[in-house]
Amino acid sequence: MSSEQANSLSPIKRALMALEKMQAQLDAVEYAKKEPIAIVGMGCRFPGGADNPEAFWQLLRDGVDAIIDIPGERWDTAAYYDPNPDTPGKIYTRKGGCLSDRLDSFDPQFFGISATEAKSLDPQQRLLLEVAWEALENANQSPEKLFNSLTGVFLGICSNDYNNMIWQSGGATQVDAFCATGNALSVAAGRLSYFLGLKGPSLAVDTACSSSLVALHLACQHLRNQECHLALVGGVHLLLSPETSVAFARTKMLDADGYCKTFDADANGYVRGEGCGVIVLKRLSDAVADKDKILAVIRGSAVNHNGRSSSLIAPNGPSQQALIRQALENASVEPAAVSYIEVQGTSTSLGQPIEVEALAAVYGKNRPLDNPLLIGSVKTNIGHLEAASGIASLMKIVLAMQHGEIPPHLHLHQPNPYIDWEKLPVKVPTQNIPWDKGDRQRLAGVSAFSFSGTNAHIVLEEYTNAENPQGLSRPLHILALSAKTQESLVQLTAAYENYLVGNSELNLADICFTANTRRSHFPYRLAVTAASTLELAGKLGAFRDGKPVEGLSQAKATTNFPEELQIPNLNSESINWQSILENVAQSYVKGVTIDWAALYPDDLCDRLQLPNYPWQRQRYWVESGKQINADLSIIDSIKQGNIQQLPAAENLSADEWELLSQLLTKLTDPSPSIQQLQRQSLTVTDIQNWLVSQIAKEMGVKPDDIEIQAPFDSYGLDSMLAISIANAGQKYLGIQLSPLMLVHYPTIAVLSQHLATELAASETEAFEI
């Protein structure tokens, strides 16, 4: 309305309009306080081989019990086991919900972490890095586009087993400069923010069993307060050493049979489990505007404490009721509209009746008797993941909503007699059942109650995404794949081949659009053109077999291509797609920046969930004290020339004896040091090669992967590694070096030139940079 029209209105009408405007502004403020939060991506590592959301759903749907004997590499389970729960220092169960992956393996190069640092890095931090990256890929959020953004990190973490292992391996002598940051719980969140370059809040939350749901509650608050625009939320927990299990055995918290028998009359404790889950969150309005695939929405949440209860760790029914009511109020949801609850359900005779009665008291209000509240627990599948338990429960609900099914609750044979199942409006589904939704979206809740007394409850709602885009029709498409190593590129190519064969009905344009625009681009690159999904799969298979492939380009990109490839007008009727896309492919693998958005100007493509990055894991683990002492003993024997005293020396072959003799010669009569050689004869190339070798050694990578023109910080070199390289350089060159040289001369090429100049000027002069 124009100002002239407004002035022509009567004072009453103008006042009414002003009131309506103020009301609209007030409504917007109130909506912002309670705006639903969209879940746009998920990643996980859970027991039973559930290494991604699809595998996790299959485990749940099939009713798999993933509890196993705790692997022997965690601790000596035989030495700690005693079936008598009253035996001090023992554990009366050998069972656990353990991951199938080897926890001693990691891909530090991908995250810019040196081999030395990786050995001291808590596997929980390693797992969080990998799973968070996979969650971002699942959400189709390109990590490099998050750099310097207001993205928050909120993680639940409460155990510190690896730090115990380091100390037990040899005491203080095994503690290095990386142990502090590698094992501090606070750094678990900070390291993820550092690696991705995120500027939003970064919090590690420890409220024991409720940690990850409390972290989720905090993330939602920060998103609604505009303190971050995207959030990574999750939890992690690993079983690496026996101390906590011994303590829990003394309290008789653990189930001796190795089953989480939630709601069963025989329930007598829980099974400890491990895993990691990470979800990606946005405000719903932002997710819709960004055309993200929304998996579900968080309508509301609440956190409280039991206060003064019968004991510190005892559950409190009134506090649980108050918590749930607050969460429903925050969500603006009526209790009777919620049809399923994922319970805390830690299988204790005390906690079960209290939790069920609290649920019935709140969710049973105005609920028809023929529509009972369905309740279940993922702990019957994978055990109690403690700090990661809440995020596992939430992910189960999200997957159940997406598939319209509720998976079976396990190990319920004789219902708990202290729960009045006949009168309470609750039911436990022991078989896979359809999740009826009627004429409204499915609503569910998830609870986490902690032995610290801190409780959390989340209300979730199903979400229906808009119809898929109309699709992009072209005679030819290009797929660009990349990795940080050649081995990873080959494995990624094989993963895409399998994906294409198994999903041949998908639109090729959607696949290429997602891969090209929603994935990070690394130095080892491959680009291939194809007209159909099966043709593309065939070309990737031929590449895997080492055969020549028409329309495929592959190379290691260089870092000195500042220009961007200009994409021609794609609306021309005489466009030559073969020529354009082959030019894009050849330019891409060289390292030329591609404006991928220019290839998809009308946003006609759908975003798909594609294969994750293949990690190149190697072993990085603290050695036991026995192994360290044995290794030192061998070294001492060789140094002293006592080869005959080596373990199993009598079994050595002639070739092995020859190798030992050569080693003994090198140790007892070392080659001349660099001080005895002509240092001034070292060339720039010599110093350059030494720097490449030294940095590759420190980072645990191949020398061929070191780019002399790349900045040092691109390899993840920090102050501690700078000190290590400076010290090594001092021994090599015989001159005093400062770690600051890696700042002032930020590439190998520049630094080697400077060192050669200084070395030529003076063989003995110490210098500071």
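A: What follows goes through the salt bridges pair by pair. The model is a predicted one, and the structure holds 28 salt bridges.

One of them brings together the side chains of D86 and K252, with an N to O distance of 2.8 Å. Because D86 lies in the loop between α4 (77–80) and β3 (95–96), while K252 lies in the loop between α11 (243–251) and β8 (275–283), this pair ties together parts that are 166 residues apart in sequence. D86 is partly exposed at 47% relative accessibility, and K252 is likewise partly exposed, its relative accessible area being 41%.

Another salt bridge links D292 with R607, whose closest N and O atoms are 3.4 Å apart. Here D292 belongs to the loop between α12 (284–289) and β9 (296–305) and R607 to the loop between α21 (596–599) and β22 (618–619), so the pair ties together parts that are 315 residues apart in sequence. D292 counts as buried at 6% relative accessibility, and R607 counts as buried at 9%.

A further salt bridge joins E342 to K396, with 3.1 Å between the closest N and O atoms. Since E342 lies in strand β10 (residues 340–342) and K396 in helix α16 (residues 389–403), the pair ties together parts that are 54 residues apart in sequence. E342 is buried, with a relative accessible area of 0%, and K396 counts as buried at 2% relative accessibility.

Beyond these pairs, salt bridges that share partners connect R45, D101, E130, E134 and R617 into one network.

Definitions and conventions:
Residues are numbered from 1 along each chain as its sequence is written. This is a predicted model: local features need pLDDT of at least 70, side-chain atom pairs count only at pLDDT 80 or more; totals for chains, interfaces and linings use all residues. Side-chain values use heavy atoms; hydrogens and water are left out. A salt bridge is a side-chain nitrogen of Lys or Arg within 4 Å of a carboxyl oxygen of Asp or Glu. Helices (H or I, at least four residues) and strands (E, at least two) are DSSP runs, numbered from the N terminus. Buried means under 20% relative accessible area, exposed over 50%, partly exposed in between (1.4 Å probe, protein chains only).
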